[in-house]
Amino acid sequence: MGPGSLWSWFAATRVGRSIFRVGPPQSNLERSQAMVSSFLLHVQPAKVNRHALRASYSLGLGLISLYLFLILTGTGVLLMFYYVPSTTQAYDRMKDLQFVVSAGLFVRNMHRWAAHLMVASVMLHMCRVFYTGAYKPPREFNWLVGVGLFLTTLGLSFTGYLLPWDQLAFWAITVGTSIAGYAPVVGPGLKYLMLGGNIVGQEALTRFYALHVIVLPAIAGLMVAVHLFRVRKDGGLSRPGESADTVQSLALDQLPTNKTYGLMELARGTTPQVGQNPEDEVFSWPHLIFRELLLFLVVVAFVLFLAIFWNAPLEELANPIHPPNPAKAPWYFLGLQELVSYSAFWGGVVVPALIVTALVVLPYVDRRRVGVGRWFARERRVATMVFSVCVAAAIAFTVIGTYFRGPNWGWVVPWRTPPPAMEGR
Amino acid sequence: MDNGSLQRFYGWFSALCVVVGLLTGLGYYRDEYRPWKDYQRRFIAEEVRRAASPEQRQQAMRTPIQIQQILLPELNRVDRCTTCHLAAEDPSYGGYPQPLAYHPRHDEHPFDKFGCTICHRGQGRATTTEDAHGNVAHWDQPMLPLKYIEASCGQCHEAADNPAAPRLARGAQVFETVGCRGCHKLGGVGGVVGPELDRVGARRSPEWLRAHFLEPAAVTPGSGMPPQKLSEPDIDAVVLFMLSQTGEALPGFYASMKVIPSAAQGLHLFQQKGCIGCHSMGGQGGKVGPALDDVGLRRKPEWIIQHFRDPQTVSPGTVMPKFGFTEAEARALTDFLLHKRDQAVALEIPALMSPVDRGREVFRKYGCAGCHGPDGKGGVPNPNAKTAQQVPALTYVADGYTKPELRRLIQGGQREIPALDPARPPPPLYMPAWGTTIRDAELDDLVAYLLSLKPKGEDLGF
């Protein structure tokens with residue numbers, strides 16, 4: 001008895017029917033009903049465009065980010081059962097997770113690697129959306145929500161970084177918050193607000209913990225909902241040749257007044273069903289749903305794989321009077337730290353401000369609906385090149401900051417063994 | 001979706017489920033398999049083998065396999081060492097190979113009160129050999145080699161006089177004689193030329209300390225500290241003493257062990273309480289009470305300690321007041337009277353000493369010998385110093401300085417030492433400003449001592 005028949009058997013039982021309403025769908029009508037009648041599935045349309053299913057187009061990066069977020073939520077709750085946000089206990093709790101809690105280290109590994117992966121997948125997702133021109137009208141606002149999600153993801157990762165309270169955590173946050181402190185006017189105040197003081201201490205740990213487990217996940221969850229909702233309302237995934245129509249304005253005075261209007265008549269606009277060739281559409285059940293399920297399993301398997309073979313780092317207990325040399329920010333801020341090493345003003349203020357501003361105004365500046373739905377469209381050569389140069393620069397600075405910077409932020413070559421530490425134990 | 005692709009989906013789905021299942025299983029296995037469980041099984045097997053009766057056998061077999069830990073909230077420690085070292089308290093396991101060996105002589109320091117890592121260091125929370133023994137990255141407290149284990153006694157006990165830790169006592173003695181305090185602060189007393197040593201035992205490994213004493217510049221490039229010419233045992237002893245300086249703040253019960261009765265503490269009390277005002281030793285002191293030179297021969301220890309508790313109970317009508325010594329103090333004083341080694345002890349009582357002798361003590365206390373050599377004879381290298389690349393000897397200060405000049409020089413120090421060759425790095429050693437660290441009375445004595453260093457009857461005849 002395969003999983004398919006087991007499923008069919010359960011769905012046909014009295015309990016199964018009470019849950020699913022529709023049995024295992026056999027006809028197209030039932031396939032639509034299956035999608036609409038389920039809370040989890042009705043977020044998605046009953047039918048999707050074939051183009052949206054092409055893995056080579058979307059690379060599944062948005063979904064991967066979502067799945068990682070779910071994994072992080074699950075493992076994060078488990079970690080919360082053991083974690084105490086106290087400077088005197090947090091580090092000991094990390095050690096207990098490793099040495100006495102069943103699967104404690106395993107869950108922590110999963111959480112750590114999924115967090116890094118999520119930052120990476122969100123960034124890649126943004127690149128995909130840019131290269132396929134998917135942020136162009138009518139999807140400008142969803143790009144904005146995406147930028148918000150990107151920043152929230154960085155915030156989640158950054159606040160989580162402090163919680164183990166080891167040297168790595170302490171000094172990464174010290175460096176990261178000092179970068180924020182370089183901003184003019186608001187910088188020092190912002191830093192003070194984040195840390196609840198002038199240095200990283202108990203106040204900072206309390207704040208970061210509250211942000212990490214409540215505030216930022218709630219914001220992220222809400223924005224994910226909005227993001228997904230808008231994906232549907234904006235007509236599904238971007239594809240070549242779609243119409244730019246969004247909600248059409250109704251000239252109310254032109255409408256006959258001697259009849260009552262139903263909701264569907266007033267709220268017209270872009271939905272996957274509008275103005276499209278039925279031949280291009282397939283039923284979400286099973287085409288979309290099953291693919292999503294498979295991708296989920298792949299993501300889970302990959303995170304498990306990482307968690308089994310690589311342990312999350314844990315250095316010495318945080319020691320405010322013994323900075324490691326060099327003290328490095330989390331990897332996604334190392335590009336900025338590298339820039340800060342040239343000029344605090346440029347690296348700490350101008351570049352990050354420029355990046356965020358550029359991301360925010362992008363869909364409102366670059367509005368021409370050309371090349372939407374295709375990777376590296378010829379018509380968008382200039383945009384593609386400019387963006388690629390920025391991405392390449394970001395990668396280059398990050399790689400330099402990560403691998404080529406040693407004591408006193410001096411140049412080191414990673415494949416050559418460094419000179420022995422002057423002050424050993 | 002036609003049947004073919006549905007089939008393909010089920011294929012992928014099943015395969016991925018198997019992969020996720022296998023990975024979960026592998027993760028579970030790696031988490032579940034822990035070497036300490038093997039050690040516990042070995043212990044249980046041994047217990048079963050030794051069982052004398054079926055009941056004992058049954059009981060041994062029912063021993064649960066579980067983590068053992070000693071909670072020491074006061075010391076902020078959780079020691080799980082006994083998870084593997086299960087037989088540490090069972091003398092019948094004497095001579096067994098580790099991890100099942102018996103820990104001899106633990107009755108004075110019961111495990112449930114002290115745990116393990118307070119003496120042995122390592123990582124108490126860890127439950128794998130490498131992590132627990134602490135020889136892993138990112139753990140800066142590896143287990144102390146047994147050779148240096150006496151260092152741990154110094155965390156709670158006075159280093160100077162602990163019969164159970166003779167090498168620690170020797171190390172403390174070497175530290176004071178060589179003059180380390182001239183440059184280094186320890187416990188708030190000492191110079192500022194070199195780094196403070198209050199936490200050095202937690203920061204440095206035995207190997208580092210050893211290498212550092214033999215050739216300081218080899219491990220700390222640019223260090224101006226002169227290499228120490230000490231015998232092998234003395235090097236080890238002073239390394240051991242350094243290792244005992246962990247700076248760990250010991251709470252309540254453990255800190256109280258600092259006043260564990262010892263002859264050294266007794267001597268200290270003897271000097272402090274002014275016993276010499278009434279009693280004499282080595283012919284010096286008051287005549288109101290009896291001389292104490294051979295009191296150990298005349299009286300039993302029980303009598304002496306009772307005398308400290310309340311003199312009237314053992315010698316009615318005595319004029320000696322009841323001082324209200326604590327039990328530990330009474331013990332320490334008794335210890336001192338019974339074990340004082342020679343007559344010189346009386347000379348260490350400041351009130352009875354000449355200014356020159358007291359000055360010699362001051363010279364020793366602040367480690368002047370570290371740079372100026374024993375008895376101020378010099379010979380300590382100070383590369384690139386105009387004074388023959390050495391720290392100047394003090395033998396002839398009487399000729400070059402007046403008393404006020406000497407006082408001013410000691411109090412103000414000399415930060416800039418004239419260089420022989422201005423192009424080379426400045427001389428690393430300099431005279432720190434002792435300011436008010438050396439108290440006024442001490443300074444008078446020190447100056448008297450320094451002026452006395454000039455060999456008698458010698459005149460340079462300038």
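This briefing walks through the confidence, helix packing, backbone geometry, chain contact and domains of the structure above. Chain A has an average pLDDT of 86, and 88% of its residues score at least 70. Two helix pairs in chain A are described below: α5(A) with α13(A), whose axes cross at roughly 55°, and α9(A) with α14(A), which pack at about 60°.

**Confidence in chain A**

- The pLDDT falls below 50 over residues 270-275 of chain A, a stretch that has 13 contacts in the model beyond near neighbours in sequence.
- A friendly caution applies here: where pLDDT is low, the predicted coordinates should not be read in detail.

**Helix α5 against helix α13**

- The axes of α5(A) and helix α13 (residues 284-309) of chain A come within 10 Å and cross at roughly 55°.
- At that angle the two helices, α5(A) and α13(A), are therefore oblique to each other.
- The crossing of α5(A) with α13(A) is right-handed.
- On the α5(A) side, the contact uses A:Leu63, A:Ile64, A:Tyr67, A:Leu68 and A:Ile71.
- Facing them from α13(A) are A:Glu292, A:Leu295, A:Phe296, A:Val299, A:Val300 and A:Val303.
- By class, the residues of this contact comprise 10 nonpolar and 1 charged, with no polar ones.

**Helix α9 against helix α14**

- Helix α9 (residues 167-181) and helix α14 (residues 331-342) of chain A have axes 11 Å apart and pack at an angle of about 60°.
- The pair α9(A) and α14(A) is therefore oblique as well.
- The handedness of the α9(A) and α14(A) crossing is left-handed.
- Helix α9(A) brings A:Val175, A:Gly176 and A:Ile179 to the contact, while α14(A) brings A:Phe333, A:Leu336, A:Gln337 and A:Val340.
- The contact of α9(A) with α14(A) contains 5 nonpolar and 2 polar residues, and no charged ones.

**Backbone details worth a look**

- As background, most residues other than glycine have a negative phi, and most peptide bonds are trans.
- The bond from A:Pro137 to A:Pro138 is cis, with omega near 10°.
- A:Pro138 sits in the loop between α7 (104-131) and α8 (140-162) of chain A.
- Another cis peptide bond links A:Trp285 to A:Pro286, with omega about 5°.
- A:Pro286 belongs to helix α13 of chain A, the helix that crosses α5(A).
- A:Leu59, a residue other than glycine, has a positive phi, near 60°.
- You will find A:Leu59 in the loop between α4 (55-58) and α5 of chain A.

**Where chains A and B meet**

- The contact draws on 31 residues from chain A and 32 residues from chain B.
- On the chain B side, helix α1 (residues 3-32) gives the most, with 17 residues.
- The side of chain B that touches chain A divides into 19 nonpolar, 7 polar and 6 charged residues.

**Domains of chain B**

- Chain B is divided into four parts: domain 1 (66-143), domain 2 (146-254), domain 3 (261-351) and domain 4 (354-451).
- Taken over C-alpha atoms, the centres of domain 1 and domain 3 of chain B are separated by 42 Å.

Definitions and conventions: Residues are numbered from 1 along each chain as its sequence is written. Chains are lettered from A and ligands numbered from 1 in the order in which they are written. This is a predicted model: local features need pLDDT of at least 70, side-chain atom pairs count only at pLDDT 80 or more; totals for chains, interfaces and linings use all residues. Two residues are in contact if their C-beta atoms, placed from the backbone, lie within 7 Å. Helices (H or I, at least four residues) and strands (E, at least two) are DSSP runs, numbered from the N terminus. Ala, Val, Leu, Ile, Met, Phe, Trp, Tyr, Cys and Pro count as nonpolar, Asp, Glu, Lys and Arg as charged, and the others, Gly among them, as polar. Domain bounds come from an automatic or database domain assignment. pLDDT is the predictor's confidence in each residue, from 0 to 100. Axes are lines fitted to C-alpha atoms, for helices over the stretch in contact, and angles run from 0 to 180 degrees between N-to-C directions. Angles under 35 degrees count as roughly parallel, over 145 as roughly antiparallel, 65 to 115 as roughly perpendicular and the rest as oblique. A crossing is left-handed if the near helix is turned anticlockwise from the far one by less than a right angle, and right-handed if clockwise.
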